[in-house]
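Visitor: Please pick one part of this chain and take me through it closely, with the cut-offs stated as you go. I would like to know where it sits and what it touches.

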Amino acid sequence: MTSRILILTFAVIALAGCDFGHLGNPLSLPVRAVAAGVENASYDARRSRVSGYLAANKILLNASSASSPVWAGLFDLAGIAPSMQAKAAHEVKEQPGHPEWLERATVIAMVHGR
């Protein structure tokens, strides 16, 4: 009987130290679900615009410098900060002959973007 009380006491003390706060308020779950859906839709729309821009301007992007207007359009569309623009352009230009150029260039732009 004493061992059961000791085990129960230990279990209660151990559970008392647990923090269940990371789960958040269950009443806010529907609001967070809607917010996540809106955020995902916004990201997907921006990604589609960036991918379309890259597809339409592949030749100009590979033939011009990162300071050209065609690159400025990509940087603006993807939301790439000025401090990251040269790196993003360099990474995109490293992929010119890759069979999955469009996907790789889109990922690069989205990773460097906002």
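**A loop and the helices around it**

Guide: Of the contacts in the chain between residues at least 6 apart in sequence, 59% join residues at least 24 apart, where contact means heavy atoms within 4.5 Å. The model is predicted, so local features need pLDDT of at least 70 and side-chain atom pairs count only at pLDDT 80 or more, while totals for chains, interfaces and linings use all residues. Residues are numbered from 1 along each chain as its sequence is written, and side-chain values use heavy atoms, with hydrogens and water left out.

The setting comes before the part itself. The chain has 6 helices and 0 strands; these are DSSP runs, helices being H or I of at least four residues and strands E of at least two, numbered from the N terminus. The radius of gyration is 25 Å, well over the 13 Å that the globule rule gives for 114 residues, so the chain is more spread out than a compact globule. That radius is taken over C-alpha atoms, and the rule is 2.2 Å times the number of residues to the power 0.38. Along its principal axes the C-alpha trace spans about 80 × 30 × 30 Å. Thr-2, in helix α1 (residues 2-16), and Ala-89 are 87 residues apart along the chain, and their C-alpha atoms are separated by 71 Å.

Of the 114 residues, 24% count as buried. Buried means under 20% relative accessible area, exposed over 50%, and partly exposed in between, with a 1.4 Å probe and protein chains only. Thr-2 is exposed, at a relative accessible area of 65%.

The part to look at is the loop between α3 and α4, which holds Ser-64 and also Ser-68. Ser-64 is buried, with a relative accessible area of 17%, and Ser-68 is buried with one of 12%. The side chains of these two serines are joined by a polar contact of 3.1 Å. Such a contact is a pair of N or O atoms within 3.5 Å; within protein, one must be able to donate a hydrogen and the other to accept it, and residues adjacent in sequence count only if both atoms are side-chain atoms. Leaving out residues up to four places away in sequence, Ser-64 touches Val-70, Trp-71 and Lys-93.

Together with Val-50 and Leu-54, Trp-71 touches the most other members of the largest nonpolar core, which has 17 residues. α2, α4, α5 and α6 are the elements that give two or more residues to this core. A nonpolar core is a set of buried Ala, Val, Leu, Ile, Met, Phe, Trp, Tyr and Cys residues joined through side-chain atoms within 4.5 Å.

Leu-54 is one of the buried residues of α2, along with Arg-46, Val-50 and Ser-51. Apart from neighbours within four places in sequence, Leu-54 is in contact with Leu-61, Leu-74, Trp-101, Leu-102, Ala-105 and Thr-106. Helix α2 (residues 29-56) has 28 residues and reaches 40 Å from its first C-alpha to its last, close to the 40 Å expected; the expected span is 1.5 Å times one less than the number of residues. The buried residues of α2 pack against α3 (58-63), α4 (69-78) and α6 (101-112).

Seen from α6, the buried residues are Trp-101, Ala-105, Thr-106, Ile-108, Ala-109, Met-110 and His-112. Their cover includes α2, α3, α4 and α5 (82-93). The end C-alpha atoms of α6 are 16 Å apart, which agrees with the 16 Å that its 12 residues should span.
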